[in-house]
Amino acid sequence: MVKIVVIGGGAAGMACAVQLAGAGREVLLLERGERLGKKLSATGNGQGNVTNLSVDVSHYFSDDREKVARVLSHFSAQDAVRFLEGMGGLFLPDARGRVYPAGRQASAVTDLFRRELQRRSVRVLTGTCVQKLTHGKNFRVLFPGGEEAADAVVLAAGGKAAKQFGTDGSAYALAQAFGHTVTPLAPVLVQLRCDPSAVRGLKGIRVDAGLRVLRGQTQIFACRGDVLFTESGLSGDAVFRASSYAHKGDRIVLDFLPDTSAAELSRAVGEGTDGLLCVVNNGLGRHLLRLAQGDRGRVIALIKAFPLDVTGTLGFDYAQATRGGIPLAETDDGLMSVCRSGLYFAGEILNVDGECGGYNLHWAFASAHAVAEALK
């Protein structure tokens, strides 16, 4: 029986272990944290956005998007739902195609995986940080207090985002020891920083807004959704989506009333310091009136196009995902290393990241499926 060690007990690692064990493989799952699926339990704002009905390569960033497309072609959103429901539970889409467990608890998805791993007799070691991988006749996986031999290793230890979940970027070194490279890393699905003076006094105000990202005069992204003003800039669903596209030096332009024309606003906006009552949030209205210095036309223009210059992000500690990682060009279609036979990659450790909306978790499951199929 082939023994496979899976390093990383997140979504990709658990999904891969479940499928390999289901195919009769002997699997050892190693997780550096004290429990499995800690990051999975927080996904989708704690509600568990596991995939999206519109999954395709257009929602992903990578050095090899053709390979991403091939992996996705073998594991659709419907496949993801069937896989998850095969372990139990019910998964349903919302109006935007985002798929959640019917109970809207991400932690319950983690519990499904834990139960399935136990049912399939997968050996699990938590609190086990792999320090070194070597390869001779077979792989040797070394960690404090012990080591394990393996015929194949799956490296599914995540990226660099959200180190509170144990993904601090240290796992890249395990791949680099075999000759792999790591592309430049950047945080994505993260809050954006702006000039603090431009958002001073707006902290805590939440709006449903149209959002555009401009690079010079060119619009590179647009969406509509939740925008939350913070002490340092912007957060919210629309901002997380925009963070996959926005760079330092770009401009964010917000439309606070995307369903209302300037002409309609002109009829609604009154004179004086209370001229925006029942038009926008009172705190936002006072801020706009101060900026416009009472100029009614300027107020209307700011409501429809409020500009903020991007100065950066809140960084990896606050990001949901990592841009960059092991290049897909250094793997075959089964996501096996071209540097070392028997070494495979799944999930965020690869140079693949998706937009906000369940795409990154789908990649975790789809890449795990590709690896499991290659190892069966």
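1. Phe221 has a relative accessible area of 12% in this predicted model, and because that value falls under 20%, the residue is classed as buried. Its strand is β15, which covers residues 218-229.

2. The counting rule for ring pairs gives 10 aromatic pairs. One of the residues to look at is Phe139, whose ring centre lies 6.2 Å from that of Phe178, and because the two planes stand at 70 degrees, the pair is edge-to-face. This pair links distant parts of the chain, since Phe139 belongs to strand β9 (residues 139-143) while Phe178 sits in the loop between α5 (172-176) and β12 (186-188), 39 residues apart. Phe139 is buried at 0% relative accessibility, and Phe178, at 13%, also counts as buried.

3. Phe221 returns here with Tyr245 as its partner: the ring centres are 4.4 Å apart and the planes are at 10 degrees, so this pair is stacked. Tyr245 is found in the loop between α7 (237-242) and β17 (251-255), and the pair therefore ties together parts of the chain that are 24 residues apart in sequence. With a relative accessibility of 18%, Tyr245 counts as buried.

4. A cluster of rings also deserves a look in the structure, as Phe75, Phe83, Phe113 and Phe365 are linked into it by ring pairs.

5. Arg104 lies over the face of Tyr100, at 3.9 Å from the ring centre, and Arg323 lies over the face of Phe61, where the distance to the ring centre is 4.0 Å.

Key
Residues are numbered from 1 along each chain as its sequence is written. This is a predicted model: local features need pLDDT of at least 70, side-chain atom pairs count only at pLDDT 80 or more; totals for chains, interfaces and linings use all residues. Side-chain values use heavy atoms; hydrogens and water are left out. Rings of Phe, Tyr and Trp (its six-membered ring) pair if their centres lie within 6.5 Å; planes under 30 degrees apart count as stacked, over 60 as edge-to-face and the rest as tilted. Helices (H or I, at least four residues) and strands (E, at least two) are DSSP runs, numbered from the N terminus. Buried means under 20% relative accessible area, exposed over 50%, partly exposed in between (1.4 Å probe, protein chains only). A charge sits over a ring if NZ of Lys or CZ of Arg is within 6 Å of the ring centre and within 35 degrees of the ring normal.
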